[in-house]
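Morning, everyone. Please bring up the model and keep it in view while I talk.

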Amino acid sequence: MPEAIEKTHLRFSQLHCSSDEQQLHYLFHELSELAAHEAEASPTPEVAEKFRVRWLGRQDSVLSRITANWLKEAPPEAKKWVGQQLNWLRPILEDLAANLKKLSEEAALDAAAARDQIDLSLPGVTRTLGTQHLVRQTYEELYRIFASIGFSIVEGPEIETAYYNFEALNIPEHHPARDNMDTFYIANAPGYLLRTHTSPMQARTMEKQQPPVRIVVPGKVYRRDNPDATHSFVFHQLEGLAVDTDITFCDFKGTIEYFAKEFFGPQTRVRLRPSYFPFTEPSAEFDASCHVCGGKGCRTCKHSGWIEMFGAGMVNPAVYGFVKYDAQRYSGFAFGLGVDRLAMLKYGIDDLQQFFRNDVRFLRQFR
Amino acid sequence: MKVLYNWLKEFADVSAPPAELRSRLSMAGVSVDSIDESAAGPVLDAEITINRPDLLGHVGIAREVAALYRLDLKRPQPKINESAEPAMQAARVEIESPELCARYTARIVRGVKVQPSPDWLRQRLEALGQSSINNVVDATNYVMLEVGQPLHAFDFDRLAEHRIVVRRARQGETMRTLDGIERKFSKDMCLICDARGAVAVGGVMGGAESEISFSTKNLLLESAWFDPISIRRTSKALGLRTEASLRFERGADIEMAAFASKRAAELIQQLAGGEVLGGVIDVYPQLHSPQKVELSRKELLRVMGADVPDREIEEILSALGFAPVRSDTNRGSADSLVAAWSCAIPSWRGDVTREIDLIEEVARLYGYDKFPPRLPPAKLPAKRLPHAREEERLRERLVALGYHEIVAIPLVAAERDAIFRPENASPAEIANPLSEDASLMRTSGAVSMAATIEWNLNHGQKNLRLFEIGKMYEVRGEKPVETRILSLGAAGLAREQSIHESSREFSFGDLKGSLDEIFALAGGANWRPASLQWLAPNRAARISLAAAGEGKPIGVCGQLARTVAQKFKFRQDVFLAELQLDPLLEAIAKASATLRYEPLPRFPAVERDFSLVLADGTSFASIEHAIRALSIPELRRIEAVDLFRGGQVPAGKHSLLLRVTFQSDVSTLTDAQLAEFSARIASALSEKLGASLRAS
């Protein structure tokens, strides 16, 4: 036991310092340093309690002994000094004890937490979230792209008349183009068929609205094709139409180039190959550089570096005749995107049927 | 159309190798899919668009090549030794139906020796996918592949009275065609006949009777022009598509008929010898009159948005046979903005009738790549679909509730559709379905939802929550009606077991909860019990919008009936819902338009629990009603917290733990107030519903 603490067991008179305030002062300082040193012990509840009892306890603690042995016994002239020193020491000890207690409690919590270690590799509590179908997501992406350059969205019926599906698009009966669009007819609604493309909304829109017209038309279309990896008798299109007094082939090129770069990335190159559709002239097949190989040639692009995207072109003036637009005054362009095909290309899906089976293992892949 | 590179070179002396030619042609509108090697040299497989019948022969393709490379086009120059005896005297030709056959030419060749063709000819035909027959038939096919004009050779001695009559078939008239099939004709078909009867289906296929054989000595060579629509109908009706019908139905070159005849006669003479009688019998009642079309730079600029120099315009149009001549008053000045050209439309370009057609010709040969891309300025704001925002919120909510969106094919089997069909709905039936499984348009979303659940269960996917936003289709009074619907489907576990939670089966409560969350967007729902054939009894409900009061239901939901589940071989509970989308979206729009801030309460809320014993059949709604009837302004919420049967609860009764929340806007509620509310509630429930209060 350190000498200073031993001294608390002595009576004041045995300290032999009744006239030496300085010596008493040293003694108290020594005690405070001893206490501070002791309080540095690693904080456990036991240590904290032992400290409290030893220094501040009601009975037989350092403080209680100082009070009983020194203060009470001190001659009247020394009482003042002892009292002052005691008042100085007490809060120091109390602070040390309180701090040690706090540290010991924190250490206890830490120790408990350490025992109850979280395994970060275990999964958390999750709610099952749903998904939007890839076709829907692709539509949303296309809407965003075309809305940013002023295209409004309109919708039309899937069960159409032959007039809007064919005639008003410059495809009269017995036109060979009808061979390429094998059509389902409705038995109990004469004159109606399942639209083979979203193009009927061209005439339906222009009949109701004067230029400027700038629309995209989403929806299901139907072809009487036997289903396989690239064919389905139902698929999804996005028709585009822009008509105004000043729309040219250059605007047409700029618009679909913008689309391709937005959809497949800024590095995408595009090209137009002359083609034929009854409702456009000049007509074009629109190709984009292969997004998989960047145009070097790979399996996706059948080693050509290019991927056939869709048909498009300037609106055939004959079409304006059906909607009573002045073909001398107005010009425009139209295109028909295959939405499922775009999604297949973008995500490397090799089977169109996956879109319609709705296997949740497929659906969940596109969160 | 397969094209022989070496044959092409006979007409346009192109030096570019096949691969380069392929890409140049493709970029000018003649898409070449592949190049193959053959005994006769490289073969280009060109995809000819239906507007260009003139490209269904090597000379036509060579014209495009000549225009692309600015080469001279060398057309064949047939030379034949004709005898003094005129063909006119040996045979007679009449056209009775000029509307079906506008021109018919015939040549007579006597004393031919029909034998197998020489190697060069066989190789060329075979490289192009044609089988070699004999030197005479091969000569006609060769000329067709060369200049695009189909020809037919008859055994002259088998033509009764050496007469050709072109007429409409009599209803039910029959003839055996070259392929050995007995064909039956109708009145709108064009037949080539001799004095006795039909010897060929005009423009489609010859008859077996007058076919060229190795014993044929004399022949009549037909080169004619048939009406495209009539050929198309005939070929479709007979199910007979031939190289000839393919060309005639797209529009052959009427001026080519006599030329091709001469070229074929030359070839036959070279290959089979014989004497070509003098001249050609040419019945051509209405001569083709060439059209003039003007092309102006102004219009070219208006459509294309960028210019093409004079020299390019003139060279392209000349090479394609349009013989452009400057027709504007400003003739001398090069690249003038008012420049215009008068163009003569060649007989092989029936597809060109308007200025826009000439613009396309110039543009595609000049090169689409030379026109700079540009984005047109938008003049109007881009509009979304009506209620697009509401639909988006609905989708977001469904996804948050754990439902995966599906996209189904609306064509379904009649038998399955009938299971879920709404009362009085009459489906749109497909007149020409591909299969029984897709014979009509669905009259519900549930039919697709059940099929999708079926697919997933059969593929080991057992925990399902699905939704679809689609349509149902009906026919009302011979007119189609399409209605937008939202369908939900669920099966399996609502919650899977994990280290944190136990598993739980999806129940009716889950479905109702999901629907209540959806209807919360629309101002709430009213639920009523329903009885539907495809839903289990006591597990089915009709839902209407709370805003509509007791109004018309907009949807149904419930657990799939056992009988239906058995048909689908479902071995677990399946839950379905179907709602009309448009009224729902409308209600969502209204609810969000009327949404206003509600100040937060300043005084604490207090909960009081009531443990009730109630007779079975007492609905929660009746409890709510009884409490609300007390008109306690501080009443905020009534919740059912726990429900159980059995144990100490007597049979025919159940115990319900009810939690009622009170809150005042003006003060903190006192114990005395709360005691009074509780007492009133307890006595009201006891009096009106016979509820007894258990000590809780």
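At what angle do the axes of helix α2 and helix α5 of chain A cross? Roughly 10°, and the axes come within 10 Å. Before I go on: this is a predicted model, where local features need pLDDT of at least 70, side-chain atom pairs count only at pLDDT 80 or more, and totals for chains, interfaces and linings use all residues. Residues are numbered from 1 along each chain as its sequence is written, with chains lettered from A and ligands numbered from 1 in the order in which they are written.

Back to the helices. α2(A) covers residues 21–38 and α5(A) covers residues 76–115. Helices are DSSP runs of H or I, at least four residues; strands are E, at least two; both are numbered from the N terminus. Axes are lines fitted to C-alpha atoms, for helices over the stretch in contact, and angles run from 0 to 180 degrees between N-to-C directions. α2(A) and α5(A) are therefore roughly parallel, the term for angles under 35 degrees.

Which residues meet? From α2(A), A:Leu24, A:Phe28 and A:Leu31 are among them. From α5(A), they include A:Trp81, A:Trp88 and A:Leu89. Contact means C-beta atoms, placed from the backbone, within 7 Å.

Next, the chain contact. Chain A puts in 71 residues, chain B 79. On the chain A side, α9(A) gives the most, with 8 residues.

Last, chain B. An open sheet of 5 strands runs β5-β8-β11-β12-β13, with mixed pairing. Pairing takes at least two DSSP bridges between two strands. β8(B) and β11(B) pair antiparallel over 4 bridges. There, B:Val166 stands opposite B:Ile192 in β11(B).

Conventions:
Parallel < 35°, antiparallel > 145°, perpendicular 65-115°, else oblique. Contact = placed C-beta atoms within 7 Å.
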